[in-house]
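Here's a quick briefing to read alongside the model. Have the viewer open as you go through it.

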Amino acid sequence: MRVLALLLIALILASLASALYYLVKDKGKSERTVKMLTVRIALSFILFALLMLGHYLGFIPENGLR
């Protein structure tokens with residue numbers, strides 16, 4: 001569970017970095033920045049849902065991941 005959460009966080013940061021790259025490179029004339037930010041939002045939602053499901057199913061105890 002911890003590895004999956006860290007992997008999703010890494011993907012979220014990579015998506016955010018690529019959105020910044022496209023924003024600077026395209027100077028706002030392309031939709032690639034918006035698409036990458038949409039991917040970041042979707043990954044964040046998946047991470048949140050995964051953490052909630054993991055807590056509900058008992059994979060994540062009350063005191064957190066260790």
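A nonpolar core here is a set of buried Ala, Val, Leu, Ile, Met, Phe, Trp, Tyr and Cys residues joined through side-chain atoms within 4.5 Å. Buried means under 20% relative accessible area, exposed over 50%, and partly exposed in between (1.4 Å probe, protein chains only). This is a predicted model, where local features need pLDDT of at least 70 and side-chain atom pairs count only at pLDDT 80 or more, while totals for chains, interfaces and linings use all residues. Numbering runs from 1 along each chain as its sequence is written, and side-chain values use heavy atoms, with hydrogens and water left out.

**The core**
- Six residues make up the largest nonpolar core: Ala 5, Leu 8, Ile 12, Leu 43, Leu 47 and Leu 50.
- Helix 1 (2–26) and helix 2 (32–57) are the elements that give two or more residues to this core; helices are DSSP runs (H or I, at least four residues), numbered from the N terminus.
- Skipping neighbours within four places in sequence, Ala 5 is in contact (heavy atoms within 4.5 Å) with Leu 47 and Leu 51.

**Helix 2**
- With 26 residues, helix 2 reaches 37 Å from its first C-alpha to its last, close to the 38 Å expected at 1.5 Å a residue; that expected span is 1.5 Å times one less than the number of residues.
- Its buried residues are Thr 33, Leu 43, Leu 47, Leu 50 and Gly 54, and what covers them includes helix 1.
- Gly 58 follows helix 2 and has a positive phi, near 95 degrees.

**Leu 43**
- Leu 43 sits in helix 2 and counts as buried because its relative accessibility is 16%.
- Not counting residues up to four places away in sequence, Leu 43 touches Leu 8, Leu 11 and Ile 12.
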